[in-house]
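Me: I'd like to go through this one with you step by step. Could you take my questions as they come?

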Amino acid sequence: MIGRPSLRPLTLIIGIVLSGCAHALNLVVEEKDLPRPSRPVAQEILHTLQERESTVTSLQAVLDLTVRHGGTQEYHQWVAAIARPDLIRLESIGWGGVTSLVVLSDGHRLVAHALLQNIFVEGGATPDSVAAVTGGFRVAPAHLARLLLGLPPLSVQVEKTELYGPDGDHAYLLREQESSFTQRLWLSDDDLSLLRGELYDRQSLRVRFRYSPAGHGLRSLILEEPLKQVVMEVSYRSYNLNLDLPRELFRIPQPTQGAQVVNLDAGLAPLLRFP
């Protein structure tokens, strides 16, 4: 069992954060005069989030996906394997349980192999690369992996965090800026569970997400990509947490003989058929 760390350094850092001196330029500005939690409450929230982060290391799951876009609705099934900090493998399962597409990312590169079409796709681990191989949903592989684990897109770092609330909806607002990204998280004032959130790149809202309010373990996840107005609902048909997943599972393969190779970094777009 992991012991509880000393809270003295954390208390000092929280004091700096809550004084408003920890940030330089806020890319996403909050409303003025928002209420602030007391220092003990802020301490509890941040400690709880850090504990949750440390207890989830990997995921293997069968996912049911419903994708809504432009008045259409599609259903997909994926098998997911995730190992922190940034390894993710997704397999699209078609009719008869046949794997039609494998997507891999190590946090730096993304590759995908459309087995039925024999198309091999590779590029940087960017939201655009994910959109190219998933039918349009733009989210960075590392952020998607964390959301599927039930974690916020960015790892919560005390020195970069500000806390507000609770508000009229009985939720605290946690705000964190890392490089060009800003995340805003709403946490229940009852059990500090993550209710919903937003991820910005500079001042542009990239992803909204929310978790179902009820249930134990991993809860259903709803992702919204505002730019393209794509909504994806993810439910867990089955899952296992904290397995020792073999690294071979995430090994980036070489193109098979005769495969069409598409380089996403060169601006090429694959013509993939999604089951």
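Me: Where does Pro 85 lie?
Reply: This is a predicted model, and in it Pro 85 lies in the loop between strand E2, residues 72-83, and strand E3. The peptide bond that joins Arg 84 to Pro 85 is cis, with an omega of about 10°.

Me: And what kind of peptide bond joins Gly 165 and Pro 166?
Reply: That bond is cis as well, and its omega is about 5°. Pro 166 is found in the loop between strand E7, residues 161-164, and strand E8, residues 171-178.

Me: New topic: is strand E6 buried or exposed, and why?
Reply: Strand E6 covers residues 119-124, and five of its six residues are buried, so the strand is largely enclosed by the rest of the structure.

Me: Which way do E5 and E6 run, and how many bridges join them?
Reply: Strand E5, residues 109-114, and E6 run antiparallel and are joined by six bridges; Ala 112, for instance, has Val 121 in E6 as its bridge partner. The two strands form a hairpin with four residues between them, where Asn 118 takes a positive phi near 55°.

Me: What about E6 and E14, parallel or antiparallel?
Reply: E6 and strand E14, residues 260-263, run parallel, with four bridges between them. Val 121 has a bridge partner in E14 too, namely Val 262.

Me: Back to phi angles, what is the phi of Gln 229?
Reply: Gln 229 has a positive phi of about 55°, although it is not a glycine. Gln 229 lies in the loop between strand E12, residues 221-225, and strand E13, residues 230-241, and it counts as exposed because its relative accessibility is 61%, where the cut-off is over 50%.

Me: And where does Asn 242 lie?
Reply: Asn 242 is in the loop between E13 and E14, and although it is not a glycine, it has a positive phi of about 60°. With a relative accessible area of 39%, Asn 242 is partly exposed.

Me: Which residues line it?
Reply: The lining residues include Ile 88, Arg 89, Val 103, Ser 105, Val 130, Thr 134 and Leu 144. By type, the lining divides into eight nonpolar residues, two polar and one charged.

Terms used. Residues are numbered from 1 along each chain as its sequence is written. This is a predicted model: local features need pLDDT of at least 70, side-chain atom pairs count only at pLDDT 80 or more; totals for chains, interfaces and linings use all residues. Side-chain values use heavy atoms; hydrogens and water are left out. On a 1 Å grid over the protein atoms alone, a cavity is a set of points where a 1.4 Å probe fits but cannot get out, and a pocket is an open set with protein on both sides within 12 Å along at least five of seven lines; lining residues have an atom within 4 Å of a point. Ala, Val, Leu, Ile, Met, Phe, Trp, Tyr, Cys and Pro count as nonpolar, Asp, Glu, Lys and Arg as charged, and the others, Gly among them, as polar. Buried means under 20% relative accessible area, exposed over 50%, partly exposed in between (1.4 Å probe, protein chains only). Two strands pair if DSSP finds at least two bridges between them.
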